[in-house]
Amino acid sequence: MPEPKRNTIFGAVYGGITDRLSQRKTLSPVPESVRIDGKTCLVTGANSGLGKAVAVDLAKRGGHVLMACRGGHPGAGDEVRRLSGSDNVEMLRVDLSDLRSVHTLCDRLKRGGNRVDIAVLNAGVMPSRARRSAQGYELMFAVHFLANRVLIDRLLADGTIRPTPRSGQTPRIVFVSSESHRSAGPIDFDHFAAFTDYGMKDGIKHYGASKLHMCTYAQELSRRLNPGGEVQAAVTSLCPGAINSNLAREAPALMKLILYPVMHMFFAAPEKAAAPVTYACCAEEIGRRSGVYLHLMQEKRPSALATDEDAGTKLWEASEALLAKHAP
Ligand SMILES: NC(=O)c1ccc[n+]([C@@H]2O[C@H](COP(=O)([O-])OP(=O)(O)OC[C@H]3O[C@@H](n4cnc5c(N)ncnc54)[C@H](OP(=O)(O)O)[C@@H]3O)[C@@H](O)[C@H]2O)c1
């Protein structure tokens, strides 16, 4: 079947529905009996949708779950504790649209001597029109890419994530991306990180572009952390498929009248959509590989743009300058 174009809202919804209806499950869900006792799991955007479902699942399996969320969700930690039956859940404050807040989170993890075994970079946003992050970048570029770039850079530099090939101790870094990355054009390095104004209609194109940045970064990170082929950190990126979540919360009221019933009928509940994330976090075999991309419960290659090594190097170098610019 031809790849649906996901650069319009209709295309994205249609693509999400056809993916669900035609999905070929080539990977088996991780049985509930698989445990991750003693592992510390950082999950961003864990107060809602997919992130919350992942936090509950990892806590149920014995993980020490650090829910990295914005302020304003006082009950989220208690809810994850109640749903998982585990008290081994902590809430940490972070606003990924502000790099100072990302550094503050990293400082706190470092001070607390935390070691993160599994990082799930899940937080996502779909603004109704162009908005700036605290440092003036386009919001989705900032949240989906730049914040994760800074977060992982710091966690590695601080020893909060420690790459090691030692069996059972190899850390896992999981990027929640989207199939919409395939509909994006090449990253424009001549205008890298430049803010562009857009309205409702073009938001989905910028969403796809930010997810292409994320997928390209995941591939480059994987290559840099695992030179020579021996896996020291298992980097996975994935698309969880269409989820009946809060992601479209900024859509206009009239659009929601149509969109919400469609999402309710055809999109997966977050608990179901979590299956590929659980696989990336807990399945034994994927913990020994890196650079893998999952779409639902199927392994695929990410787009050719995302695997282009030249683009990966350029993205790494261009963003390195931003890391330096915003270092505390
Ligand atoms: N929904 C889909 O159909 C779909 C399809 C493919 C991929 N995905 C991806 O799946 C991931 C989870 O999305 P979802 O569908 O579960 O949506 P969701 O229910 O809206 O959850 C998104 C989470 O990200 C958090 N977040 C957003 N901006 C943040 C910021 N600046 N700082 C910290 N946290 C922030 C949100 O926190 P607040 O509650 O504070 O805003 C929320 O916890 C996203 O990366 C999304 O792109 C979703």
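Two strands count as paired if DSSP finds at least two bridges between them. With that in hand, welcome to this predicted model. Strand 4 (residues 118-121) and strand 5 (residues 172-176) run parallel and are joined by four bridges. Below is a short tour of the sheet, the helices on it, the nonpolar core and the ligand's surroundings.

- Eight strands form an open sheet in the order 3-2-1-4-5-6-7-8, and their pairing is mixed.
- Looking into strand 5, you will find Phe-175 as the bridge partner of Leu-121.

**Helices on the sheet**
- Helix 9 (residues 275-282) packs on the sheet and touches strands including strand 1 (40-44), strand 4 and strand 5. The direction of helix 9 makes about 160° with that of strand 5.
- Helix 3 (residues 76-84) lies across strand 2 (64-69) and strand 3, running at about 160° to strand 3.

**The nonpolar core**
- The largest nonpolar core holds 91 residues, and Val-120 and Val-174 have the most contacts inside it.
- Helix 5 (residues 139-157) gives the most to this core, with 12 residues.
- Among the residues that Val-174 touches are Val-120, Leu-121, Leu-238 and Val-277.

**Around the ligand**
- The ligand is surrounded by 29 residues, the closest being Gly-45, Gly-49, Leu-50, Gly-124 and Ser-245.
- This shell has 14 nonpolar, 13 polar and two charged residues.
- Helix 2 (residues 49-60) supplies the largest share of the shell, three residues.

How values were computed:
Residues numbered from 1 in each chain as written. Predicted model: local features only at pLDDT ≥ 70, side-chain atom pairs only at ≥ 80, totals over all residues. Near = placed C-beta within 6 Å. Helix = DSSP H or I, 4+ residues; strand = E, 2+ residues; numbered from the N terminus. Nonpolar A, V, L, I, M, F, W, Y, C, P; charged D, E, K, R; others polar. Core = buried A, V, L, I, M, F, W, Y, C linked by C-beta atoms within 7 Å. Buried ≥ 20, exposed ≤ 12 C-beta atoms within 10 Å, placed from the backbone. Contact = placed C-beta atoms within 7 Å. Axes fitted to C-alpha atoms, helices over the stretch in contact; angles between N-to-C directions. Lists of a residue's contacts leave out its neighbours within four places in sequence.
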